[in-house]
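Me: Could you take a close look at one helix of this model and go through it slowly, since I am new to the structure?

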Amino acid sequence: MSSFEEDVLKKKDFQSTKEESVPDDGSAVNAVAIFSGEQHTSEETPQPKPILATKLNLLRGGRWGKFWLAGLLLVSASVTPVYLWSSNTRSKKQGAGIRSQPASNSSLTPLSTDPPKLQPVKGQMSKVPTGRPHFQPSMSPTTKPTKPITKPATTPATKPTTKPATTPTAKPTTKPTTKPTTTSGPSLPISHPPFSFYVMGDVPYHTKDIPIMETQIGNLTNSFTNDAAKFLIHVGDIQSGQTSMCRESFYKQAYDIFLQQSPLPTMMLAGDNDWNACPKAKDGWRKYASYFIGLEKSWAAHKTLGIKRWNDVRPENFVFSISGVLIVSVNLVGTPILDRNEWDQRNADNVFWVKKGVADYLKNDQGELRAVMVLGHAMMRPTIVSFFQGIREIFMTNDGGYKEGFQIPVIYLHGDGHKFAITNTAGVNGHKSKARQKFVKDLDWDQFTDIQVDKGQLAPPIKIEVAGVKDPLLEVHNIDQYVLGDGLLRIDRRGGHYQTKMKKKLPKKKKKK
């Protein structure tokens, strides 16, 4: 037997031994199925004998067998990942009702090293671009870096970002915030610039006082020049009720003087001689109301003051504020008391009006309340003491202490007494009245000051100056000036009493022949 025949017999013996050692229970997977992605169990159609394994047996004994085997292993290593991915996909298809066709018995799928073509499957990651963004990463990285978006978004985002944007958006947000925006650090204080105003009263009592009143008002400096004056207030009594008999001509002549001479918005309070001391009180009130309630609207500058009237109850009362100073008018008159119930109700209304003015100021958050100035006509007397006791409760407690934030100057400006006087717990400047001093002392309110203005025939309107927040405190420069509120307020009589001087300037009346 030749050596070639012996080699052939050995190879055949090796092959038969190898075939007997492989169990036919379906646990072994043929080599062709590994690369084609198809697997079959023993329950399916019987498979042919693994030809590739036979070839491996034949090659193992040959001269080039080892080299063929190494090459085959390299090909297997490169294709195995593709098979695993394809097998996973195929098994999920079968779970969804798609079954693979078994391999044919007559022919075997030829060995291929090319990966199968992938098709996008719903619910799985795909290499085929969809044209829309996806939340899962791409199977293959891009060859070029993604360019950043250089233009701002044209529509607002539906969800807030966790970090602030580095570039502004082109359009504002479509929905407003539900809560107010908060700022870091303390808020800036409201600016309170200085200002001043004039107060006069009890003029013209008689026809001869008309030229005096015209001169006094005409000499007031307009606030648009070199003065900070903002307005003029007349505290009542434009006549003597017993002399004029409250004829309408007296109301009209005072009204005309205000309109023709005053450069400032003017307000006029009702005095006792303007209505309740008239022969017919109701008729006197009708005339006063028709000429002087809302008088300030005749000046365009009144809009800058923000004057509010108690139209539905007592339209004669007004209130406004400037630079942290609240200015409130009330209907306080002297005798006679025509109706006690009406008198008491009016005093109660006046107390409520002042309380409301203070409450509204604080509610509107207009800054620090620096002072309150109440303007009426009547001088302090027993018939109106209840009014002052009522407004004292706004600022002080029952035990005599001040409520928080209310230890501020409160000034009552009025006429009726005809002679200038400043009265408070510290003493009296000007005309002394024992009755007034007693009322102030019994009130026990060291921040309260009563100021009575001169009769217009005797002296010019007084000027009230208020210092600004950033300005130095006011000081006294002459004997006609007084400082209140530790320099916050300055009362200037502007030369004081001039009765003799004014009489010399008046034209002499010609005697009738």
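Reply: Helix α10, which covers residues 385-395, has 8 of its 11 residues buried, so it is largely enclosed by the rest of the structure; buried here means under 20% relative accessible area, computed with a 1.4 Å probe on protein chains only, and helices are DSSP runs of H or I with at least four residues, strands runs of E with at least two, numbered from the N terminus. This is a predicted model, in which local features need pLDDT of at least 70 and side-chain atom pairs count only at pLDDT 80 or more, while totals for chains, interfaces and linings use all residues. Residues are numbered from 1 along each chain as its sequence is written, and side-chain values use heavy atoms, with hydrogens and water left out.

The buried residues of α10 are Val385, Phe387, Phe388, Gly390, Ile391, Arg392, Ile394 and Phe395. These buried residues pack against the helices α9 (340-363) and α11 (434-443) and against the strands β7 (371-375), β8 (410-414) and β11 (448-452), where contact means heavy atoms within 4.5 Å.

Leaving aside residues up to four places away in sequence, alanine 270 touches Gly236, Trp275, Trp285, Tyr288, Val333 and His377. The C-alpha atoms of alanine 270 and alanine 378 are separated by 9.8 Å, although the two are 108 residues apart along the chain.

Terms used: Buried < 20%, exposed > 50% of the residue type's maximum accessible area, 1.4 Å probe, protein only.
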